Amino acid sequence: MKNFLLMCLGGVITLIVVIAFAMFIQPNVFSSAEHAEGSPESSSESSSESSSEPKILYWVAPMDANFRRDKPGKSPMGMDLVPVYESEGDQGAGVVTISAAVSNNLGIKTAKVQRKYPTLSFNSSGQVGYSKEQLAHLHARTSGWVEKTYVSDMGQYVEKGQPLYGIYSLEFIDAQEDFLRALNSHNDGLMRAAKNRLKALRVDNKVIAELKKRKKVNQVTTFYAPISGYIEALNIYQGMYVKPESTLLTLADLSQLVVDMELEHQYAAWLSQYPGDITWTFTSDLMPTQRWQGKLDYIYPMLSESLRTMRVRLLVDNSKQLLKPNMWLSLKGEITAKEKALLIPSQALIRTENKTRVVMAIIGEDAGEGVIENEGQFKSVEVTIGRFFNDQVEILAGLKAGDNVVTSAQFLIDSESNIDSDLQRMEASSADHSNMDHSDMDHSKMNHSVPAGEHHDH
């Protein structure tokens with residue numbers, strides 16, 4: 001009976017305590033509810049404030065993505081740390097979101113991937129020289145004496161057919177006499193042989209015609225200019241004795257000249273393996289307003305051993321006679337390929353030992369009212385590169401026409417993109433292992449060996 005009374009007393013005390021506690025907290029609950037219902041504006045304002053301002057995840061050094069801090073400060077190089085904001089929405093692995101203000105501070109610039117005809121430009125310089133096809137070297141075909149000269153100065157211009165010099169030689173006299181005897185014999189075979197002998201001795205047709213007409217041997221045989229041009233070499237004087245191996249005179253036609261150029265060896269493949277439209281433009285400091293167009297004549301098959309350069313020969317039209325041999329000309333060459341290629345600025349490349357990457361600016365569809373989705377998002381992508389064209393490079397795989405790549409401050413974004421991508425892969429790997437379904441595993445083949453000395457009771 002005593003125990004029963006004690007139990008009743010304890011129940012009454014417990015009931016009183018519960019009623020008192022309920023009466024104490026009820027005004028506070030109502031007060032909080034009334035305050036919440038009475039100030040909806042403050043609630044909406046705080047909600048909109050939190051949604052409009054993205055959360056700052058951490059602060060990073062502009063030149064070192066691995067230097068991170070949880071508050072503003074200075075980098076080891078003395079630069080202000082840059083905030084990295086929480087990504088808005090669901091973005092893929094490696095995608096980095098950067099606000100417009102931070103983009104301006106970093107100086108981020110982009111360029112569009114284009115498919116067009118690549119152009120390769122190069123510069124060089126070279127010396128003007130004689131075209132070998134435009135030179136005429138005059139020799140005496142037999143020994144004799146120079147009896148008369150009609151030219152006397154180096155650089156003198158002569159017309160084709162103009163007399164140059166006269167030589168007395170017994171062989172020339174014998175050849176003329178043979179020709180006259182053949183004419184008198186009226187034997188066609190003898191006349192043909194005698195005439196061929198005169199031609200072999202380089203006797204001019206004028207001399208042969210005069211001999212046939214006058215039928216009298218000339219003691220001094222006159223020789224005439226075979227081409228029009230300037231006297232480039234003059235080794236003949238009146239009264240001197242000459243031999244067949246002696247060069248008496250050299251004529252140079254300057255209507256066409258050649259320029260030998262030294263080009264960097266990487267252009268050899270372009271000139272021989274990738275034909276296209278090539279322009280060769282020459283300029284001279286002596287005549288700044290003049291331009292000459294060259295024509296590729298020959299590519300030398302070997303490289304210079306000392307300079308590692310490739311030598312090419314160009315033909316230049318000099319019909320106006322403005323260019324002179326031994327002048328120095330500057331060259332600007334341009335090769336335009338015949339097939340289009342996918343091109344980006346070469347400064348956008350991030351090249352490592354094993355991979356080549358670019359940072360691509362992700363620009364989404366037009367969301368209306370001039371708003372572009374995904375603006376300010378970047379991602380590193382691996383690319384396969386081909387040929388280089390000065391400041392542009394050919395892309396074989398990894399990008400398509402119309403994409404945008406970052407050409408400035410891409411190294412910082414690339415580091416951030418790779419770090420985020422690695423973190424997401426690690427998180428995905430952990431999630432896959434935690435959610436693994438073990439129900440289908442065959443536990444019968446598992447090794448349940450028991451250490452020696454231990455026994456299980458069944």
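Residues are numbered from 1 along each chain as its sequence is written, and side-chain values use heavy atoms, with hydrogens and water left out. Because the model is predicted, local features need pLDDT of at least 70 and side-chain atom pairs count only at pLDDT 80 or more, while totals for chains, interfaces and linings use all residues.

Start with helix H6, residues 205–214. Helices (H or I, at least four residues) and strands (E, at least two) are DSSP runs, numbered from the N terminus. Val-207, Ile-208 and Leu-211 of H6 are buried, that is, under 20% relative accessible area with a 1.4 Å probe and protein chains only. Viewed down the axis of H6, its buried residues fall within an arc of 100 degrees, so they line one face of the helix. That arc is taken from the directions from the helix axis to the C-beta atoms. The cover over these buried residues includes helix H4 (170–185), helix H5 (188–200) and strand S12 (221–224).

Now look at the ends of H6. At its start, a side-chain oxygen of Asp-204 comes to within 2.9 Å of the backbone nitrogen of Lys-206. Just after H6, Lys-215 has a positive phi of about 55 degrees.

Next, the strands. Strands of a sheet pair through backbone hydrogen bonds, either parallel or antiparallel. Two strands count as paired if DSSP finds at least two bridges between them. An open sheet of 4 strands has the order S8-S15-S13-S10, with antiparallel pairing. Its edge strands are S8 (135–139) and S10 (157–158), each pairing on one side only. Inside this order, 4 bridges join S13 (residues 229–234) to S15 (residues 247–252). Leu-234 has Leu-249 in S15 as its bridge partner.

S18 (residues 287–303) and S19 (residues 309–317) run antiparallel, joined by 6 bridges. Gly-294 is bridged to Val-316 in S19. There are 5 residues between the two strands, and Arg-308 in the turn has a positive phi of about 55 degrees.

Finally, Leu-349 and Thr-356. Leu-349 sits in the loop between S21 (341–345) and S22 (350–351). Leu-349 is buried, with a relative accessible area of 7%. Thr-356 belongs to S23 (residues 356–362) and is buried at 14%. Contact means heavy atoms within 4.5 Å. Not counting residues up to four places away in sequence, Leu-349 touches Thr-356, Val-383 and Ile-385, among others. Thr-356 likewise touches residues including Leu-349, Val-383 and Ile-385. The C-alpha atoms of Leu-349 and Val-359, 10 residues apart along the chain, are separated by 8.3 Å.

Methods:
Buried means under 20% relative accessible area, exposed over 50%, partly exposed in between (1.4 Å probe, protein chains only). A polar contact is a pair of N or O atoms within 3.5 Å; within protein, one must be able to donate a hydrogen and the other to accept it, and residues adjacent in sequence count only if both atoms are side-chain atoms.
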